Amino acid sequence: MEREKLLVAIIENAIDGIITIDDRGLIENINPAALELFGYPSRDILIGKNVSVLMPEPDRSKHDSYLANYEHTGKKKIIGIGREVTGQRKDGSTFPFRLGVSEIKFSDRRIYTGFIHDLSRQKEDEIKIKSYTEELEEKIKDRTRELMKSINELESAKEHMSALFQKERELNQLKTRFVSMASHEFRTPLSSIQLSASLINKYVEKHDVESIEKHTAKIKNSINNLTTILNDFLSLEKLEAGKVEATPQLFDIFTFAEEITEEMQLMTKQKQIIVYEHTGTTGQVFLDQNLLKNCIINLISNAIKYSGEDTMIQFNSIVKEHELIIDIKDNGIGIPTSEMSNLFEPFFRAHNTGDIPGTGLGLNIVKRYVNLMNGTCTCESEQNRGTTFRLHFKF
């Protein structure tokens, strides 16, 4: 008696639907989970009815023939054994489920128990994954087109820079260093993009969304690196051609710096944090907003790049009467003392930067932008203990 109660309790509380029919296909019992799946309020509505009422056509019409065939031949052709089938709810709507059927023989009769596992959520997820994959493929195509456009612009920039180098005899050495650096810096992100794009094609077939997202992020990062290189080249070209002039205007440094902090926080490594603090009774300064933003973004980008995960980058602004000081401090790899004198030279990169990508133009551009605004840029650094850059302006 206790075993019977236990069996009933198991059936009544099962997550999957369970339906028992006799050898004529009439429903003898149905558990609450199955009632909910098929949308029936009580089992009394279904008890004694042919189980085919829970099936859409053509299975509804063919169900009895499956049973009859099995009764006469013993061949298991009962609908749904070991495969996915479709059920029909009371309201006429259908849903997919996986059906397993067990035959139980008694001395005077036999019954069939069907175990029903709803596949609705799984099918919805498959549709979402397919839609996401198609969307992702389209995004990859868009990014590839953008990349090709950037490469074309980069080629154009290289041609302009080559012309500049030819006009100025003293820049011949810089040209040689540029060609060497560019060939290396372009090859690395382009190789990464090619590899990731190739792997994405394989993961799409497997619907491996996590791996697809991982390699899409790598492609985005490589494109960002190429964009940074291109921007450095274009900035240097304009500076060399004398096309950059400071246009000061009055603005609030506090709001300006907070916007930059939010923007750069999106580019940080895992658990890196940028902390901004302002000192002064006012935030009003009179400088070229675009040039100053370029300088700050460049310095914070370097702090992110040359610092490890789970580190803090300090970004401070101090406003006194007609004076602005910007400090950007990190706890990164630092700069060797013996190389500090070359820090702001174009294409210079310290020997301890290793495989970290970069053009060696950023600090040279910062220095020249600061000079255009009649300011100074200084640096204090100790290898393996971090670096502090200070921008000082009077207006």
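Me: In the hairpin of strand 9 and strand 10, which residue takes a positive phi?

Reply: This is a predicted model, and in it the hairpin has 2 residues between the strands, where H322 takes a positive phi near 55 degrees.

Me: How many bridges join strand 9 to strand 10, and do the two run parallel or antiparallel?

Reply: The general idea is that strands of a sheet pair through backbone hydrogen bonds, either parallel or antiparallel. Here strand 9, residues 312-320, and strand 10, residues 323-330, run antiparallel and are joined by 7 bridges.

Me: What is the order of the strands in the open sheet, and which are the edge strands?

Reply: The sheet has 5 strands in the order 7-9-10-12-11, and its pairing is mixed. Strand 7 (273-279) and strand 11 (376-382) are the edge strands, each of them pairing on one side only. From one strand to the next, the twist averages 15 degrees.

Me: Which helix lies across strand 10, and at what angle does it run to that strand?

Reply: Helix 8, made of residues 289-305, lies across strand 10 and also across strand 7, strand 9 and strand 12, and it runs at about 20 degrees to strand 10. Strand 10 itself is mostly covered, with 7 of its 8 residues buried.

Me: Which residues have the most contacts inside the largest nonpolar core?

Reply: As a general idea, in soluble globular proteins nonpolar side chains tend to be buried together. In this structure the largest nonpolar core has 46 residues, and those with the most contacts inside it are I253, L292, I296, I300, F315, L324 and L391. Helix 8 gives the largest share of this core, 8 residues.

Me: What does L391 touch, leaving aside residues up to four places away in sequence?

Reply: Its contacts include L292, C295 and L299, then L324, I325 and I326, and also V366 and V370. Apart from this core lies another, of 19 residues, with L35, Y40, M55 and F95 among them.

How values were computed
Residues numbered from 1 in each chain as written. Predicted model: local features only at pLDDT ≥ 70, side-chain atom pairs only at ≥ 80, totals over all residues. Heavy atoms only, no water. Pairing = 2+ DSSP bridges. Helix = DSSP H or I, 4+ residues; strand = E, 2+ residues; numbered from the N terminus. Axes fitted to C-alpha atoms, helices over the stretch in contact; angles between N-to-C directions. Contact = heavy atoms within 4.5 Å. Core = buried A, V, L, I, M, F, W, Y, C linked by side-chain atoms within 4.5 Å. Buried < 20%, exposed > 50% of the residue type's maximum accessible area, 1.4 Å probe, protein only.
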